[in-house]
Amino acid sequence: MNPLDILYGAGGAWLAAAAAGLLAGSWRLGLRACCILSGLGGAAAVAGGGWSLVYGDTRVVSPGGASATIVGGPLQLQATSLAGVFVALLGIVAVAIAWYAPRYHEAARGTAVYLAAYNLALLACLGVLTAGGMVTFLVAWESMSLACYLVILRRPRSGAAAGGAFWFLALSEAGFLLIVAAFVILSGKTHATQLDVMAARGHLVPGGWRAAAYLLALAGFGCKAGLVPLHVWLPEAHPVAPADGSAFLSGVVVNLGAYGIALFAFSLLPGGGAWPGLVTMGAGAVSAAIGILYALRERDIKRFLAFSTIENTGIVVTAFGAAMIFHAYRQQALWAFLLIAGLYHVANHGCYKTLLFLEAGVVEHAAGTRDMDRLGGLVHRLPRSAVITFVGTLGIAALPPLNGFVSEWLIFQGLFQGFRTGSHLIAILIVLAAATLGLTGGLAIYAFVRGFGIPYLGMPRTRQAAATREAGQPIAGPALLAVACVALAVGAPVMLAALSRAARTVTGVALGPLLLPGKLTVIPAHPDFSAFSPTYLAIFLVAACAVPVLIFLAGRPRAASVSVPVWDGGIVSFRPRMQYSAMTFSAPTRVTFDALYRPSVSVRRASDDDPAGRSGPVHYEAQVTPVFERYLYRPIIRAVEWLADAIRPLQSGDVNLYLLYVFVMILLAYLLGAV
Amino acid sequence: MTAVEPRAAGTRESLVRQLAGLGGLEVRDSGATRGAVTIRIPAETLEAATHALAGMAGTRLADMFADNDGDAPTLRLVWAHESGYLVTETEIECDQYPPLSDIAPAAFVEECEIYEQFGIRPATGKPLNRLMLPPHAGPDFPRLGHRPARPPDEAHAPHTVEGQAFEFPFGPVRQVGVESLYYGLVTSGEEVVDLYLFTWHKHRGVEWRLRGKTPREAIFLAERAEGLSAVAVGWAFAAAAEAALGIAPSSAAARTRAVALELERLYNHAAATAALCQATGLTVGQSAAEIALERLLRVNAAAFGHRYLFGVIDPGGAGRAPDADVLRRELPGAYGELRRAADALLATNSFVDRLEATGILTTEQARRLGLVGPVARATGLAVDARLNTSGPRGGYPDGSPYAGPSVKVVTADGGDVFARFQVMLGEAAESVRLIVEFLDAGTAADRTMLPVKGDGEVGGGTGLGWAESPRGEVLAWVALDEDGRISRARLRPGSVRNWRGFDDACRSQNVFTDIPIIEASFWLTAAGLAR
Amino acid sequence: MPMWFARGLRRGVVTTRYPARPDRSSAFLPAPPAFRPRQLTRETADRMIAVCPSTALSRPEKGDGEVGGVLVFDVGACTACGRCAEAAPHAVTSSGEFELAATARSALIKKIPLLGEAR
Amino acid sequence: MSSGVNDARRGTGGGPVAQDEAEVARQLRDKIAAQFGRSLHIRTLDTGSCAVCEQEIRLLTAPHYDLHRLGFFFTPAPRHADLLLVTGPMVRAFDLAARKTYEAMPGPKVVVATGACALGGVYPPDPFVHGQVGEVLPVDVWIPGCPPSPLALLYGLGVAVGRLAEKTPGLTFIADEDPSGGET
């Protein structure tokens, strides 16, 4: 009995769920059944993943004997501790969505197809995480991409959906080719297809090939992880997918990109100089900063969250890159520590980002729009969603005492110990990355004050938003994730203990005792640097919040409190346009980071078009230039189109011409065979 | 900072001669309004005439108002010209008249006011601004004329904000110790996109109250239309009444008024300096300026018996004579305080930097909107009612008080807050010089009792009066009926003009925190605009 | 800033000691009138009421309809414009009073007996 | 809504003054002295003045008068204000803003009508104005003057918090006869 057996169960459940969804998704009952199965699979995945964290790695097995093949390659599976983190995350997300979906989707034909695709995507993700062999991995990876493509295409009629799905597919395929190339190099040099064997023979790969393979893998998985400039699909695909679909994309699929990078960086190709680490760290830091900066210019909640996903994976990748650098400088402890921190952030991000996307779906359902500047005052209309979203927001804004704070604190502690590399240049670069993450963190708080305050606080900006009511919106799923966020914060020491074991299986460094000397206190890799206890911090902060309440209660009997309207300067009446909107709130960043945004401002005033200067309606717009789409991707698309035009003449439709092609081919083959 | 010598004060005849040169305009000084050239223009040629006058060199639309003696309201345009004022009268039979603000944009504020008070509007579909009537003003709300056919709300444009901006509501209850005023401040979060103004909170119906009063009763309210330029408004009103009655104050009384007027300018500029320091957060500078201000006010009290010079102006003469010794003794010291504070301020970079390139108005804007006072002079326009020395009805016995000591008009370029500040400082120095000259020439309180019905030739009449307040040109137009009571009085303090420039100045490339500075540099009152 | 500090030191203290000590500048403040009842005939009173621009002076009716024998002076409404003094110099002088704040409106309404009226 | 004191006086407005008002105001001042020690925060309200009263009020903080030495402070937010310094004849269009300002103040609160306009001297009641502040807000202290000089304002504030003795009831405005003065 090992974790893999449980994961078989999960896979089976999801397969069944897919079938149930496809056949019976059109009926309410079938839809429920499908979601229940999917949820059971999720629970099994949580169990299996969690167990494999502490269980250690299983050897590669070939279910159904060596004869079992998958598209020509042997079907090889394994359960590793490294993957265990992601499997557990996958499970939690699956459970939450299974709890959420029945109330979110209406029973219909489209839903049936969607649910089938979604459950297959879950299965494919599990396949990626349990793949023990190269072929299995690639097949699972590709089928995951295709399934996700269907998930995004929930509403194929709309052009936007088609466009978003296309962006996703294009970058997935590009990434897939790079990954294939990386694996081919690897297996070619190690003469192996099993991942564990590859890892064991990793030292055989000569430096140049090693670097090439790693960079290919980084770029390939970067497409999924959304590293700038390969991130463009996220803001396009997330808004068009259903809420739970985008939650799944951000919560799991994007993190699988990070898994791939970790797989290559720590398991398959460890070592190999500092510069791959520097490249990784740089890519991560840049992604984090640019991600959050673009998030600040979005008023569509889901696009906003998508950009914040880019930021978070950026943070994770930065941690991984720094870890690689430390490894190159023989700082094994920090190597393992930053791996742990990165994995922890993956888990946290998976939880709160899924939560926020699910709640975005709730808001969209209830208020009929995702545009922050058309919402407002939802805290009075969707109180329960507001509370849950608030927990998630605290988490993602990395504010104590929630989980985001813990993992980001760990990452910073790791980066701040860059001086241990002994090289000044490297130390400076690492601190530079830390500074970038610092800026990112600050902007993230700013962004999520906005992301929560504008839609939920204040007064409704449209009649539609004012009419929003709480009517059967799904609560349980997001609530589960909120609980998970709190647990990940308060139970950080336990989580870290588990992760340290996972890290040991990869790095061979036993960090457990050093990281956790007991008393629920965390010490980042070196006892002489710093320490803190997430648990006590949480308890203290909650207690601190209680103090003013107690004072209020104590002081109550003396002065009878009176409630009067908000002081408004004595104007006749407040209008919704008299409050901060999402775009005006983030205007200062637009001014500060002018160079990045290159905004184009257009103003229409009644007082301008008339010499007398009569007052009247005002219209103000500031559009941000989509730099990457315009200056990077548009040329590529143009080139591809040109190429297509160029090779069209080959397809003349003339049979004789085609026979000629065949003949030439055979001739060439013979000649090559002869050589 | 430059100083303009006054032009040779042209005579009324020269103005008429120039007017005769204009096409499409038969000129005959009906003499209806004493103190100015008056020509009647039929409604159909009003538009052409306005074109001609607006195009004429050196003219500026100074005011526009209506009154309805009889049933059809009469539209009066007051044009300022270097050689005197010109009043055009036009009977408006229907409830519409040509859109004059398209020809002379300066007319816009008055178009709005006339619509609210008399119900006649320019013949254009464009909306008007809300000026004095509160939103809840019903049909029975007292007006000077007939009420609008349609309720004003229909004519007023809605202040809707779209796109990535929001309206920052500011007022009517604002900081401590400032007037009630509402800004609709449309901002994108940083820069000021647009700004509109509500002052109807302060509309006290002064012009409405003046009807039926004798000039001497009325001056009491006229002074309180804009208390911070009580002397200027009072003088303009008194001069108008005197012109209407065909009398003139003695030169000594006129000089007394002039002394009071310059004292008023002094303390206002000191107050504006203090306000500028407050707006820029320079508290020490504010204290220094306030010491000067308080000392100047005490000089006022010691010399005229009132800190704000109420009651100095009296129709027919001057209510009080200044204590010349006190002035000679105290004024240099008090002004020295202001001078020293100003010098220290000009040496303080953190202060000057906030002023430079803030709230810029171009000369073109100033001319287009018919701005007056330091605001206009800071853009290089030498606009100053003191230059117009042709007194009421053939002038003062021996000329206007300003005819003798040639008044230097201080102007500056740049049109920003700093330019305004410099103009104010220059004018303060000039005022002190003038006061001394006036005192040397001799001042006295002279209360010629106004002739009223019964004692002789005086019947009704209409007259135009003007004075240069610290905020710019004040105009008053008074029509007296047979027994010397006011049938219609028009008061136009400088604030009415310059508030129009204020929103333009705020709109030009400024951020939030510049607005208090710009407001301080304009140093206007809502009381004067809303009246 | 040091420049300002030095200026302040050189300038010294200008702050009044009021209310602890009287302030000399109060001598120049306009003050409401004080009346001389001996000079205050009915027609003098009416002359003053006629010129008073505010509602400070009045002669309310007695019960039986004819105008009463006291001059009612509302200090609160008085603007110290001095027109009454000008209309009847012999009957009016300045009270020189500026500390006029009251905690009851009624405390600001004074009855001045006219000449030859029953006090 | 507000302090019991003001509730009690709400209805009376500022019209014909009941005799108990002085008594009520005294209680109020005691309450203020008790609750704020000797520090008082002032918010001003312009209900249609001619801008001169505002100038005098601004001068209260100027070096010559320096309000702060007496423990008085200006506060921009009525939320923090104990005393409302009202100028102007209470324009009717301003009622809403005036009420809102008053209600935004925490009790106990003092309303001081400042200047002849606010006391009903300049503008008679008509469709434009109420004519005096008392018509809308429950006035506790009246400060005459047009404008009341900073010294008069200081005295009025002192009276408002019961720190200075009120002289007005004692004043008769009857000049001591001097034989030289005019005809007999």
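**View 1. Chain B as a whole, with its helices and strands.** Chain B holds 17 helices and 18 strands, where helices (H or I, at least four residues) and strands (E, at least two) are DSSP runs numbered from the N terminus. The model is a predicted one, in which local features need pLDDT of at least 70 and side-chain atom pairs count only at pLDDT 80 or more, while totals for chains, interfaces and linings use all residues. Residues are numbered from 1 along each chain as its sequence is written, and chains are lettered from A and ligands numbered from 1 in the order in which they are written. Among the 531 residues of chain B, 64% count as buried; a residue is buried if 20 or more other C-beta atoms lie within 10 Å of its own, exposed if 12 or fewer, and partly exposed in between, with C-beta atoms placed from the backbone. Of the contacts in chain B with a separation of 6 or more, 71% are between residues 24 or more positions apart, a contact being a pair of residues whose C-beta atoms, placed from the backbone, lie within 7 Å.

**View 2. The open sheet E10-E11-E12 of chain B.** Three strands form this open sheet in the order E10-E11-E12, with antiparallel pairing. E10 and E12 of chain B are at the edges with a single partner strand each, so one side of each has no neighbour in the sheet. Neighbouring strands of the sheet are turned by 20° against each other on average, direction ignored, the angle being taken between axes, which are lines fitted to C-alpha atoms (for helices over the stretch in contact), with angles running from 0 to 180 degrees between N-to-C directions.

**View 3. Strand E11 of chain B and its two partners.** Six of the six residues of E11(B) are buried, so this strand is largely enclosed by the rest of the structure. B:Tyr182, B:Gly184 and B:Val186 point one way from the strand, whereas B:Tyr183, B:Leu185 and B:Thr187 point the other way. E10(B) pairs with E11(B) in the antiparallel sense over five bridges, strands being counted as paired if DSSP finds at least two bridges between them. E11(B) and E12(B) form a hairpin with four residues between them, and B:Gly189 in the turn has a positive phi of about 110°.

**View 4. The contact between chain B and chain A.** Chain B gives 35 residues to this contact and chain A gives 31 residues. On the side of chain B that touches chain A, at least two residues each come from strand E9 (161-163), strand E10 (166-170), strand E11 (182-187), strand E12 (192-198) and helix H15 (494-507) of chain B, and E10(B) has the largest share, four residues. The residues of this side of chain B divide into 17 nonpolar, nine polar and nine charged, where Ala, Val, Leu, Ile, Met, Phe, Trp, Tyr, Cys and Pro count as nonpolar, Asp, Glu, Lys and Arg as charged, and the others, Gly among them, as polar. Strand E4 (residues 618-623) of chain A runs parallel to E9(B) and is joined to it by three bridges, and A:Tyr620 stands opposite B:Gly163 in E9(B).

**View 5. B:Val173 and its contacts in other chains.** B:Val173 lies in the loop between E10 and E11 of chain B, and it counts as buried because it has 30 C-beta neighbours inside 10 Å. Leaving aside neighbours within four places in sequence, B:Val173 is in contact with A:Gly569, A:Gly570, B:Ser180, D:Leu45, D:Ala97 and D:Thr101.

**View 6. The contact between chain C and chain D.** This contact takes 44 residues from chain C and 47 residues from chain D. The elements that give two or more residues to the side of chain C that touches chain D are strand E1 (33-35) and strand E5 (109-113) of chain C. The residues of this side of chain C divide into 24 nonpolar, 13 polar and seven charged.

Note on methods. Two residues are in contact if their C-beta atoms, placed from the backbone, lie within 7 Å.
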